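Here is a friendly walk through the model you have open. Let's start with a term that helps in reading it, and then visit a few residues.

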Amino acid sequence: MGWDLTGARVEGRYLGDFPYTGTITDSRVKYGGRVQHTVRLDAPIEVYGACREVILVDEGDVYSYAE
């Protein structure tokens with residue numbers, strides 16, 4: 001599995017506190033070499049009072065992948 005996981009189904013915890021499931025719509029290598037994914041959520045989550053339908057997560061914050 002390479003670093004570009006566009007289309008993969010994922011789950012994890014956003015900011016370590018908010019469980020989510022969704023689909024990666026974009027993957028990019030950030031300055032410094034770390035990979036960041038854009039995730040379109042299956043269901044919106046509320047994060048500190050704001051509703052999120054799309055989130056950005058670092059590769060280390062994703063718990064499982066399924067294509």
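## Ground rules

A residue is called buried when its relative accessible area is under 20%, exposed when it is over 50%, and partly exposed in between, using a 1.4 Å probe and protein chains only. This is a predicted model, in which local features need pLDDT of at least 70 and side-chain atom pairs count only at pLDDT 80 or more, while totals for chains, interfaces and linings use all residues. Residues are numbered from 1 along each chain as its sequence is written, and side-chain values use heavy atoms, with hydrogens and water left out.

## The aromatic pair

Phe18 has 17% relative accessibility, so this residue counts as buried. Tyr48, at 63%, counts as exposed. The structure holds one aromatic pair, and Phe18 and Tyr48 form it: the arrangement is edge-to-face, with 5.3 Å centre to centre and 90 degrees between the planes. Phe18 sits in strand S2 (residues 18–29) and Tyr48 in the loop between strand S3 (35–47) and strand S4 (50–58), so the pair ties together parts that are 30 residues apart in sequence.

For reference, rings of Phe, Tyr and Trp (its six-membered ring) pair if their centres lie within 6.5 Å; planes under 30 degrees apart count as stacked, over 60 as edge-to-face and the rest as tilted. Strands (E, at least two residues) are DSSP runs, numbered from the N terminus.

## The nonpolar core

A nonpolar core is a set of buried Ala, Val, Leu, Ile, Met, Phe, Trp, Tyr and Cys residues joined through side-chain atoms within 4.5 Å. The largest one here has 14 residues, of which Tyr14, Tyr20, Val39, Ile55 and Val57 touch the most other members. Strand S1 (9–14), S2, S3 and S4 each supply at least two residues of this core, and S3 gives the most, with four.

Take Ile55: leaving aside residues up to four places away in sequence, Ile55 touches Tyr14, Tyr20, His37, Thr38, Val39 and Leu41 (contact means heavy atoms within 4.5 Å).

Ser27 lies in strand S2 and counts as buried, at 8% relative accessibility. The side chain of Ser27 reaches the backbone nitrogen of Leu5 at 3.1 Å. Among the residues Ser27 touches, not counting those up to four places away in sequence, are Trp3, Thr6 and Gln36.

Arg40 lies in strand S3 and, at 45% relative accessibility, counts as partly exposed. Arg40 touches Gly22, Thr23, Thr25, Glu53 and Val54, again not counting residues up to four places away in sequence.

Definitions and conventions: A polar contact is a pair of N or O atoms within 3.5 Å; within protein, one must be able to donate a hydrogen and the other to accept it, and residues adjacent in sequence count only if both atoms are side-chain atoms.
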